[in-house]
Amino acid sequence: MFFTSLTEWTAGNVMIRILTALVLGGAIGIDRGVKRRGGGARTDAAVCLGAALVMLTAQYMTLHFPDTVNLSRMPAQVISGVGFLGAGSIIVSRRQIKGLTSAASIWICACVGLAAGIGFIDGAAVVTAVLLAGLHILPVIEDRIYQYFGYIALYIEAEDSKTAAFLLHKMKMDGCKIDMYEVDKPGAGGQTFTIMATIRVAPGKNREEYLDELSGTEGIISLDSL
């Protein structure tokens with residue numbers, strides 16, 4: 001470790017830990033905010049600072065009340081409790097789940113804050129750097145892998161069950177591999193059938209052109225790739 005001295009309880013070390021939590025939490029939040037995702041700089045910085053304060057308080061109590069405090073109990077409550085805050089950023093829309101990465105970043109901010117609060121600045125800084133790099137690099141790798149395998153998740157609205165059955169038959173005849181195909185009937189007052197499908201376009205077919213072809217099928221109201 002590079003900053004072993006920061007684990008000592010001094011006024012300077014405490015300030016460094018607090019400022020580190022603020023900077024690292026803010027950096028994660030700014031990255032999420034730039035992409036217009038959940039959380040943001042204020043939320044992530046507040047979570048990181050709060051977690052750091054809990055860790056500082058636990059160490060303070062251990063120093064002053066050594067026989068009555070377990071150092072790990074308060075941080076453990078932060079790790080489990082912050083999940084409720086992260087759950088608030090998860091949204092289910094049109095059977096698509098959004099906000100999982102933002103929820104995970106809030107949880108990581110809490111962990112970074114705990115590390116900074118106890119003086120483990122090395123770990124907090126390295127994890128923050130790796131997280132920010134991963135959030136930018138992994139989507140590029142992910143997109144290339146998905147394009148190579150050719151699978152597409154589709155959300156389709158059809159006029160009736162006959163259209164849904166015809167669409168499934170058409171994709172099979174066109175050589176598509178059907179990984180998943182679910183049809184939801186309209187509820188009370190509903191007007192359309194909802195189709196969730198995961199398919200692999202047949203080799204040799206242009207994916208965008210094929211999706212346009214499916215969109216033009218009679219009875220299809222809308223077709224979106226997820």
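One of its members, isoleucine 141, lies in helix 5 (residues 121-149). At 42% relative accessibility, isoleucine 141 counts as partly exposed; buried means under 20%, exposed over 50%, and partly exposed in between, with a 1.4 Å probe and protein chains only.

**How to read the model**

- Because this is a predicted model, local features need pLDDT of at least 70 and side-chain atom pairs count only at pLDDT 80 or more, while totals for chains, interfaces and linings use all residues.
- Residues are numbered from 1 along each chain as its sequence is written, and side-chain values use heavy atoms, leaving out hydrogens and water.

**The overall picture**

- The protein has seven helices and six strands; helices (H or I, at least four residues) and strands (E, at least two) are DSSP runs, numbered from the N terminus.
- Along the sequence, these elements follow the pattern α-α-α-β-β-α-α-β-α-β-β-α-β.
- Of the 226 residues, 35% are buried.
- The accessible surface comes to about 13,300 Å², and 61% of this belongs to carbon and sulfur atoms; such areas come from the Shrake-Rupley method with a 1.4 Å probe, and for residues only the protein chains shown count as cover.
- Among contacts (heavy atoms within 4.5 Å) between residues at least 6 apart in sequence, 65% join residues at least 24 apart.

**The nonpolar cores**

- In soluble globular proteins, nonpolar side chains tend to be buried together.
- The largest nonpolar core has 19 residues, and Leu154, Leu167, Met171 and Leu214 have the most contacts inside it; a core is a set of buried Ala, Val, Leu, Ile, Met, Phe, Trp, Tyr and Cys residues joined through side-chain atoms within 4.5 Å.
- Strand 3 (151-158), helix 6 (161-173), strand 5 (193-200), helix 7 (207-215) and strand 6 (220-225) each give two or more residues to this core.
- Leaving out residues up to four places away in sequence, methionine 171 touches Cys176, Ile178, Tyr181, Ile199, Tyr210 and Leu214.
- A second, separate core has 14 residues, including Ile28, Val78, Val82 and Leu131.

**A linked set of charges**

- There are two salt bridges, each defined as a side-chain nitrogen of Lys or Arg within 4 Å of a carboxyl oxygen of Asp or Glu.
- Lysine 170 meets aspartate 174 at 3.3 Å, N to O, and glutamate 213 at 2.8 Å, N to O.
- Glutamate 213 in helix 7 and lysine 170 in helix 6 are 43 residues apart, so this pair links distant parts of the chain.
- Lysine 170 is buried at 16% relative accessibility, whereas glutamate 213 is partly exposed at 38%.
- Lys170, Asp174 and Glu213 are linked in a network of salt bridges.

**An aromatic pair**

- The whole structure holds one aromatic pair, made by tryptophan 9 and tyrosine 60, with 5.8 Å centre to centre and 50 degrees between the planes.
- This pair counts as tilted, because rings of Phe, Tyr and Trp (its six-membered ring) pair if their centres lie within 6.5 Å, with planes under 30 degrees apart stacked, over 60 edge-to-face and the rest tilted.
- Tryptophan 9 lies in the segment before helix 1 (11-34) and tyrosine 60 in helix 2 (residues 41-64), so the pair ties together parts that are 51 residues apart in sequence.
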